Amino acid sequence: MPSQSLARRFLFASISLLFILVLASCGSSSPSSGSANVSITYLTHWSGPQVTQLNQAIATYEKSHPNVTINVHTVPFGNLLTTITTQGNSANGPTIMGIYNLWLPQLVQAGLLAQAPATYTKDIQQAYPASVNSAVQVSGKTYGYPNEVDLYALNYNRALFQAAGIANPPTTWSELVTDAEKLTKRDSSGHITQQGFGIINSWNSGVVHPWLSLEESDGGQLLSSNHQPLLTSKAAMATTNLYYQLIFQNKTTDPAMNQANASTTGPYLDNFANGKTAMIIMANWWESDLQAAMGSKFADVGTAPIPVGPDGTQSHSVSYSWSTVVNTHATQAQQDAAWQFLQWLNGPQSGQNGSSAMGDILMGMGILPSRTTDLQAHKSQLNSPFISTYVAEMPQSIPFPIVLGGDELTTSLQKSIESVMFGQNSPQQAMTQAQSNVGQILSQYYS
Amino acid sequence: MQIQARKTSAHPIATAGFLTPGLGLLALFVVVPILLTAWISLHSGSMAMSYSQLQWVGLHNYTIIFQQSTFRTALINVFLYSAANIVIILPLAVLLGMFLQQTSIRAKNVLRTVLFLPYMIPTVAVAIVWGYLYEPQYGPINQILGWVHIPAQDWLGSINEAMISLVILNVWQTLGYYVVIVVAGLTEIPQEYYEAASIDGASWFQQQLYITLPLLNRSLAFVFVILTINTLQIFDPVYVLTQGSPVNSTDVVAYQMYVTAFNYGQAGLASAMAMVLLAVILLLSLAQLRLFRSI
């Protein structure tokens, strides 16, 4: 009998513990209720000095808003969307989230993002250029404060150009092909030891954005206005043929030297930084990565507009942007505090010399801010040899289409382009396949 | 057995009390998630939606995934990856196990430890390090190959070599674990059998063939099943090093599930992929166990 009594007590204790756990978990779902103090979380993929700068800005803000506490939560870029989708559905999840705008329609459709209140919408519309504003809108509604803008340019190694006797970077595709040939070195077995032109692989944006920048500089575009892919167009075929020529006919590009990893670094970056790649098309944000990897040799890096194709009229670059948005599942007090903080963080009073604190943080990474007053405040920095090309190309840049299924279509197009780069398909086969696959993806969302 | 059953029925509350925590945790963390995944696989919607917002689509997600060339490729890739690992690891584990079992080897405990060490390192850390080792231009592996006049390989940057590079990484990391299981199996075999066989004139090879291998059957079955399960679920090295590239050469089912659920926001499709993988693992494991039971 004692054993039965012990078992009953054990069972009772187990049930009681379960009951307490259930009560505790119910109780934790209403943060800051009944209190004037508000605690919010800022989710970002930034790291190192940028997080320190953000925390400094937050400390300044908290002094003037003692009832608001802001905690910064950082995750690597590769885990950012996962964190948003898994934690964003709760009031305990992140309140403010830094997002890549390609994800915006998907996150709005999932009911994760709060629409900006009228006051803030007006502030956003007045402070940012129209093209940047459109990137934070879905169906005409504004969902966040825009921040960084990234675009692409030809990056080249001046020292290698000088050694090859080339005075200026290429401005057309034919010059690109010729220069790449002169800049390529091979060993006795024909293996490339220094490639003329690097084409990134194994990373969807790293593959698609440079390809699309070249395609747009040949007069092409990715999607029609009614969301149909245009991947069998003359420009798309010409761009893919250019890749084929550089890799297989002229052998001036070695795909194995251009691999990227999950951290968006890897051999493609190492080879450019170590003078083994003479030219590559990359976005402005990698400036700080190059500086860290190259040290004093960073002075050898030159930037130039994307070379223009035979049917193009001027250089174009893909541009893409980021924004900070607010979680619709946060409590009303948290949302109010979040919007107020974002207005301050992006406003001209929070930074130095008329810049916003956000502008200062972005410039610290070599990233272009999008707010008009930030661009003015950082005018002298934006004249640096590396970044000035990107700034000059901004008016001609074409934003990457913000559509539902955007990430999936980017990956699908990446795989088709890679199938040419690795000799699996001809350019014609690859683009026909891409047209079909991207069309199928978009048909799930647009009729 | 009857006595045991009688003992159990005599203390029903105690039995329930002792079994509840274990079975409860198993149900909560294994059975419920599987049932939930199966339920989500019959719906359409994103990971960020509440369950009430998901839309019923029946078996449509299963039809879609088998129509997708990416999923079919991922399934084939993971089978190839698993088969390559089994073909390499299983015989190596047996040979190394037999080698370490030799009484004449002095430093066998050190060797066992060295072999087991890589298994204790997190796979993500291992993958990052191997990413540098495989670097085509500066990686030490190609430099070593150069010393013996073997041409540099593209490793992860090659459509033909990327998958085998991941296999080599896994063999390096997990071989020690399987060797330890084999060694444990070998220690269970009584030495008298070998002594009797020696007296009867059996050679070393005959002893291994007719004594060691048959009596190692249960350990080998365990290694075979666990190796199959572990390799079919490969994710970390693919996520860290290749993201399924070049082209789709290292795309595997677990990685496809991840991007479909979290990057593309299609929880139903990802859950259908998970259920297919579960079914494959279950069927293969049962078939392997039956195979070893019949030997």
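The model is predicted. Chain A is assigned domain 1 (38-149 + 320-385) and domain 2 (151-319 + 403-443). Chain A also touches chain B: 39 residues of chain A are in contact with 35 residues of chain B.

**The two domains of chain A**

- The centres of domain 1 and domain 2 of chain A, taken over C-alpha atoms, are 30 Å apart.
- Contact between these domains involves 15 residues of domain 1 of chain A and 14 residues of domain 2 of chain A.
- On the domain 1 side, helix H3 (77-87), helix H4 (104-109) and strand S11 (318-326) of chain A each give at least two residues.
- H4(A) provides the largest share of that side, three residues.
- By class, the domain 1 side that touches domain 2 of chain A has 10 nonpolar residues, five polar residues and no charged ones.

**The nonpolar cores**

- In soluble globular proteins, nonpolar side chains tend to be buried together.
- Here, the largest nonpolar core has 158 residues.
- A:Ile99, A:Leu107, A:Ala338 and B:Met273 have the most contacts inside this core.
- Both domain 1 and domain 2 of chain A contribute at least three residues each to this core.
- A second, separate core has 15 residues, including B:Leu175, B:Tyr178, B:Val223 and B:Phe224.
- Leaving out residues up to four places away in sequence, A:Ala338 touches A:Ile40, A:Thr95, A:Ile96, A:Val326 and A:Ala330.

**Where chain B touches chain A**

- The contact links 35 residues of chain B with 39 residues of chain A.
- Three helices of chain B each supply at least two residues of its side: helix H2 (12-40), helix H12 (236-242) and helix H13 (253-263).
- H2(B) gives the largest share of the chain B side, five residues.
- Sorted by class, the chain B side holds 19 nonpolar, 14 polar and two charged residues.

**Helix H6 of chain B**

- Helix H6 of chain B spans residues 123-133, and its buried residues are B:Val126, B:Ala127, B:Trp130 and B:Gly131.
- Seen down the axis of H6(B), these buried residues fall within an arc of 140 degrees, so they line one face of the helix.
- B:Ala125 and B:Val129 are exposed on the other side of H6(B).

How values were computed: Residues are numbered from 1 along each chain as its sequence is written. Chains are lettered from A and ligands numbered from 1 in the order in which they are written. This is a predicted model: local features need pLDDT of at least 70, side-chain atom pairs count only at pLDDT 80 or more; totals for chains, interfaces and linings use all residues. A nonpolar core is a set of buried Ala, Val, Leu, Ile, Met, Phe, Trp, Tyr and Cys residues joined through C-beta atoms within 7 Å. A residue is buried if 20 or more other C-beta atoms lie within 10 Å of its own, exposed if 12 or fewer, and partly exposed in between; C-beta atoms are placed from the backbone. Domain bounds come from an automatic or database domain assignment. Two residues are in contact if their C-beta atoms, placed from the backbone, lie within 7 Å. Helices (H or I, at least four residues) and strands (E, at least two) are DSSP runs, numbered from the N terminus. Ala, Val, Leu, Ile, Met, Phe, Trp, Tyr, Cys and Pro count as nonpolar, Asp, Glu, Lys and Arg as charged, and the others, Gly among them, as polar. The arc is that of the directions from the helix axis to the C-beta atoms.
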